[in-house]
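Please keep the sequence and the structure in view while reading.

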Amino acid sequence: MTRTLILQARNLRLSFGGVAAADDASLSIANGQRMAIIGPNGAGKTTFVNICTGYLKPQSGAVLFEGRDITGLAPRRIAREGIGRSFQLPQLFLDNTVMENLLMAVAAREGIWNPWVRLERHPKRGEMFELLEVIGLIDVAHRIARELPEGMRKLIDIAMALALKPRLIFMDEPTSGVSTTEKFAIMDIVVRALQHNATTAVFVEHDMDVVSRYADKVAVWSDGRISREGAPDEVLKDPYVLENVIGV
Ligand SMILES: Nc1ncnc2c1ncn2[C@@H]1O[C@H](COP(=O)(O)OP(=O)(O)O)[C@@H](O)[C@H]1O
Ligand SMILES: [Mg+2]
């Protein structure tokens, strides 16, 4: 089966001083795929996500989204093109409610942020309630983000990305900072939301149980590029991966 490519990263390079965080990194992501990115700390996983979502500009190379060159566009432009992103440390408005966080994410993309238009009357409110239902946060819609546990804050951050209806989402360690038992619960909800919206996903993950359960493809990062790529059951028993990724 051949699926169309939603994203192609070609020969990305970016160095910080002497460190090549992206060193000729290339990766293709097919429409509908759920890809896990694994690899040791400092391998360049976050740098790759940052380049694809506009938070860093590569020194050379290109990122094509649905065939269009988006290299070096600003994060907001890339969000508008249809790529979402969640963060290892949730980027929330901690003193606002969950619903307000979603509406602010939407307003930020629309670029018509007007503090005088009250959020209670935002036209996307109904749509956001639907999203909160899908992502299991409907009961805390009016709670202040700061008061909620880390697992829920991770979900809010992901919901903020999904609020923009991306066709592709990058999630940087969606289950970091939560207990092992919570990881599966979070990923079950996330995957259900992805399926609901037919969103292609790439997620950085350190927990191999999460990888094998939720990814249909795995890319192994080392020294700024991909060293292995394939189906989870093959990649996770590869001797190189066992020694250098899972062993560490
Ligand atoms: N803004 C930055 N300034 C300097 N060095 C950085 C910066 N971002 C990342 N690096 C370096 O680039 C390498 C890759 O980092 P990163 O992409 O965060 O790796 P990973 O997410 O795989 O742990 C590391 O050596 C890191 O120290
Ligand atoms: Mg990282």
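How do the residues of the shell around ligand 1 divide into nonpolar, polar and charged? There are five nonpolar, six polar and one charged. Here Ala, Val, Leu, Ile, Met, Phe, Trp, Tyr, Cys and Pro count as nonpolar, Asp, Glu, Lys and Arg as charged, and the others, Gly among them, as polar.

## Model and numbering

This is a predicted model, in which local features need pLDDT of at least 70, side-chain atom pairs count only at pLDDT 80 or more, and totals for chains, interfaces and linings use all residues. Residues are numbered from 1 along each chain as its sequence is written, while chains are lettered from A and ligands numbered from 1 in the order in which they are written.

## The shell around ligand 1

The residues around ligand 1 (C-beta atom, placed from the backbone, within 6 Å of it) include Phe16, Val19, Lys45 and Trp221. Gly39, Asn41, Gly42, Ala43 and Gly44 are also among them.

Strand E2 (19-30) and helix H1 (45-52) each supply at least two residues of this shell. H1 gives the most, with three residues. Helices (H or I, at least four residues) and strands (E, at least two) are DSSP runs, numbered from the N terminus.

Asn11, in strand E1 (residues 5-16), is not a glycine, yet its phi is positive, near 50 degrees. Asp223, also not a glycine, has a positive phi of about 50 degrees and lies in the loop between strand E9 (217-222) and strand E10 (225-230).

Asn11 is partly exposed because 14 other C-beta atoms lie within 10 Å. Asp223 is partly exposed, with 15. A residue is buried at 20 or more other C-beta atoms within 10 Å of its own, exposed at 12 or fewer, and partly exposed in between, with C-beta atoms placed from the backbone.
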